[in-house]
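Have the viewer open as you read.

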There are 2 protein chains.
Amino acid sequence: MRIGLDMMGGDYAPLEAVKGVKLFLDTVADVHLVLIGDEQALAPLLADARLDQSKYSVVHSSQIIGMNEHPTKALKEKPESSISIGFHLLKNGKIDAFISAGNTGAMMVGTFYSIKAIDGVQRPTISTPVPRENGTFGVLLDVGINADCKPENLVQFAILGSLYSQYILKIDNPKVGLLNIGEEEGKGNLLAQATYPLLKETKQINFVGNIEGRDIFTDKADVIVCEGFTGNVVLKMAESFHEVAVRRNIKDDYMDKFNFESYGGTPVLGVSHPVIIGHGISQATAFKNMIVLAQQMIQSKLLEKVKESFVAKEA
Amino acid sequence: MRIGLDMMGGDYAPLEAVKGVKLFLDTVADVHLVLIGDEQALAPLLADARLDQSKYSVVHSSQIIGMNEHPTKALKEKPESSISIGFHLLKNGKIDAFISAGNTGAMMVGTFYSIKAIDGVQRPTISTPVPRENGTFGVLLDVGINADCKPENLVQFAILGSLYSQYILKIDNPKVGLLNIGEEEGKGNLLAQATYPLLKETKQINFVGNIEGRDIFTDKADVIVCEGFTGNVVLKMAESFHEVAVRRNIKDDYMDKFNFESYGGTPVLGVSHPVIIGHGISQATAFKNMIVLAQQMIQSKLLEKVKESFVAKEA
């Protein structure tokens, strides 16, 4: 298993990326990391970290896509950037997963242009973990790349989220809820009204009905689907509550879990290779967590399960 | 000024309604309250409360619309209910405002059928106060009655919210923000993309651009507009964070402000008479706050300002 990591992406790269690599390699044996970044910048940091040299290799990249560059333009003009090289390696099977905390837009564009959506998946999606008071995690999707959706998109998010919940979060027969503004069928906006009956008849998922804003952080549902507009507002609002708690010196284990940066990143679900997009302010633990997530996605054969589900659905 | 109050609405009616009336009347001189409810149930409570009898009168209602009754059906079959009588009095000018913590759906239906929208207002709306850390309040609208909206609806919400912010919350030249999933113009779903330029060219408001989920509870904008689907999810999610804080014994002045029930209720904006819809679990302070809000709406001539704004816009 070879996992590719962009060492130049994120506000604290490459130092925190190296630290994350060390945290990971110190505990894991059977993964080879492909570190994509500026060789000269990395060399002293890697030497200091005293890593087992058999466990990683460095692929040199001479360019960096800045956090605020225009995604499409940057990818086109910087073929030697760590992100461009990462996608090139992924597309050609030289790595089995690609991770970056760099320019989010460039990661999105790179994902959609370099590697394909899985057959049958109309709209790949990104999700966020949903911390619950009982210590478990749900998943909410889409959280921003699909601002306008059709009912069938939400059904696909439900399938993708269920598989992710089952194989990565290890939840058996995960409960799927539709984010809505009322409990009963028939409530909501036109999209929610049209989506409800489709979810009800989708045999691949365990649909439990509507989930209101007050239920998001409970275990009423393990997978909550919505279009990316509402999902993004929910995610950013939850982040802001965490910031309020930090600013106001509120000490609480559960509130700490709304520090979404610590989770590392979000996988793009529905594409043919594992791609994980990290927060710009990722630090060592976040980098390590992203590598662990990539490993889990590969080991669990999540993408095979997705392919099988969508082939079955097409047939 | 005569303010009508449904004494039978809400989980704690009529006792908490009477207590709220007392809290209000003990401090205010120039308002006459019209208490609509079961005379026999109210008599001993009103006697106990030792109110100045010149400051209120009782209008008997022999029926009650339960919290879970079907709104349209209940209003039709129960013309002697406190809600039906309240709207009858309002429509006929016997009271200048009507307040109820009863069946929300019946209050909505009653509002739209008994009294009219103000000329030019396409979609009346409901809002929620937005507590900010600096102690001030913003306003977010719509929060649930308009789940699907057109761009011009959001522009009208912006005007209604601005007037409310200016005349009730006493904010000079309130900043209007569009709830969105990115900062720049052009971001967002189709609705947000189409609404942005309309808001920019609306001279009656002080448009400051997009507001992301993380900015809702800051003072970036005083009036935040969105369709009622997202607004409702935001409101209920904020309520759930307050419940988390209570459950986890987090003591914090600011978190306490997310106890939306304490504010009393929300006015329906854009209709021709003041109507205030309270939370089902309203208690004394909430009832008092709703009466104060009705008084402010009347004294500030808010509805006259709305009428002038929409006449001006139509012309």
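Two strands count as paired if DSSP finds at least two bridges between them. The model shown here is a predicted one.

Let's begin with strand β7 (residues 175-179) of chain A. By the pairing rule, β7(A) has a parallel partner in strand β9 (residues 223-225) of chain A, with three bridges joining them. Within that pairing, A:Val176 has A:Val223 of β9(A) as its bridge partner. β7(A) also pairs with strand β8 (residues 206-211) of chain A, again in the parallel sense, over five bridges. There, A:Leu179 stands opposite A:Ile211.

Is β7(A) largely enclosed or open? Four of its five residues are buried, so the rest of the structure largely encloses β7(A).

Now for the rings. Over all chains there are 15 aromatic pairs.

| Pair | Centre to centre | Angle between planes |
|---|---|---|
| A:Phe87 and A:Phe98 | 5.2 Å | 75° |
| B:Phe217 and B:Phe258 | 4.9 Å | 65° |

A:Phe87 sits in helix α4 (residues 82-91) of chain A and A:Phe98 in strand β4 (residues 97-100) of chain A, 11 residues apart. Both A:Phe87 and A:Phe98 are buried. B:Phe217 and B:Phe258 are 41 residues apart, each in a loop of chain B, and both are buried.

Finally, B:Phe217 and B:Phe258 belong to a cluster of linked ring pairs that also includes A:Phe217, A:Phe241, A:Tyr254 and A:Phe258.

Key: Residues numbered from 1 in each chain as written. Chains lettered and ligands numbered in written order. Predicted model: local features only at pLDDT ≥ 70, side-chain atom pairs only at ≥ 80, totals over all residues. Heavy atoms only, no water. Buried < 20%, exposed > 50% of the residue type's maximum accessible area, 1.4 Å probe, protein only. Helix = DSSP H or I, 4+ residues; strand = E, 2+ residues; numbered from the N terminus. Phe/Tyr/Trp six-rings, centres within 6.5 Å; stacked < 30°, edge-to-face > 60°.
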